[in-house]
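Please keep the sequence and the 3D view side by side while reading.

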Amino acid sequence: MLAIPALVLRPGRGPDDLEELTNVWRDSVEATHHYLSLEAIERLEPVVRDEYLPRLRIHVAERNGCTLGFIGMDSQHVAMLYVADEARSTGVGGALLDWAKEQSPLLSVDVNEHNPRAAVFYAKRGFTPVSRLEREAYGKPQPLLRMLWESAPPALAHFRPGASGVS
């Protein structure tokens, strides 16, 4: 039986990663964003590569040096999470999201309503819908579902009802 090489998560390498991340973005969008035309994707590609990716904190998932997915964080907001089509449903997205959860006790994400599979992905990982936005970040009429995740508060192991904790 062949062993599957381990998934490696690493910080983004800035400009050195842009081409590969853009390729993953496009592959993922073409496979999942059926509501976007090919022309719309082609118009978005340079914006994603040249404006959006460089301003985010990127973390990359790779196997055998091949980029399979990435997450882009803007503070506590998951601004981007894309997985190459051939790596979908293999744990890559979950591993990247787990990494983000380790970075912050509170995360938000905006999910396009035309991509219900993404909403299910986040809901299965503890995100709950909190609001609906009529327009996406660039003002286009693309309804988004805002979802939040919050880590469970630490157990109150030493809590005793009635004890003030003040001495």
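Is F70 buried or exposed? At 0% relative accessibility, F70 counts as buried; buried means under 20% relative accessible area, exposed over 50%, and partly exposed in between, with a 1.4 Å probe and protein chains only.

## Basis of the values

This is a predicted model, in which local features need pLDDT of at least 70 and side-chain atom pairs count only at pLDDT 80 or more, while totals for chains, interfaces and linings use all residues. Residues are numbered from 1 along each chain as its sequence is written, and side-chain values use heavy atoms, leaving out hydrogens and water.

## Aromatic pairs

Rings of Phe, Tyr and Trp (its six-membered ring) pair if their centres lie within 6.5 Å; planes under 30 degrees apart count as stacked, over 60 as edge-to-face and the rest as tilted. The count by this rule is three aromatic pairs. In one of them, F70 and Y82, the ring centres are 6.0 Å apart and the planes stand at 40°, so the pair is tilted. F70 belongs to strand 3 (residues 66-74) and Y82 to strand 4 (residues 77-83), so the pair ties together parts that are twelve residues apart in sequence. Helices (H or I, at least four residues) and strands (E, at least two) are DSSP runs, numbered from the N terminus. Y82 is also buried, at 16% relative accessibility.

The rings of Y122 and F127 have centres 5.2 Å apart and planes at 70°, so this pair is edge-to-face. Y122 is buried at 7%, and F127 is buried at 2%. Together with F121, Y122 and F127 form one aromatic cluster.

## Nonpolar cores

A nonpolar core is a set of buried Ala, Val, Leu, Ile, Met, Phe, Trp, Tyr and Cys residues joined through side-chain atoms within 4.5 Å. The largest has 23 residues, and I71, V78, Y122 and F127 have the most contacts inside it. Strand 3, strand 4, helix 3, strand 5 (106-112), helix 4 (116-124) and strand 7 (144-150) each supply at least two residues of this core. Helix 3 gives the most, with five residues.

Leaving aside residues up to four places away in sequence, Y122 touches V78, L81, L97, V109, V111, F127 and M147; contact means heavy atoms within 4.5 Å. Another core, of 16 residues, lies apart from the largest one and includes L18, V29, I41 and I58.
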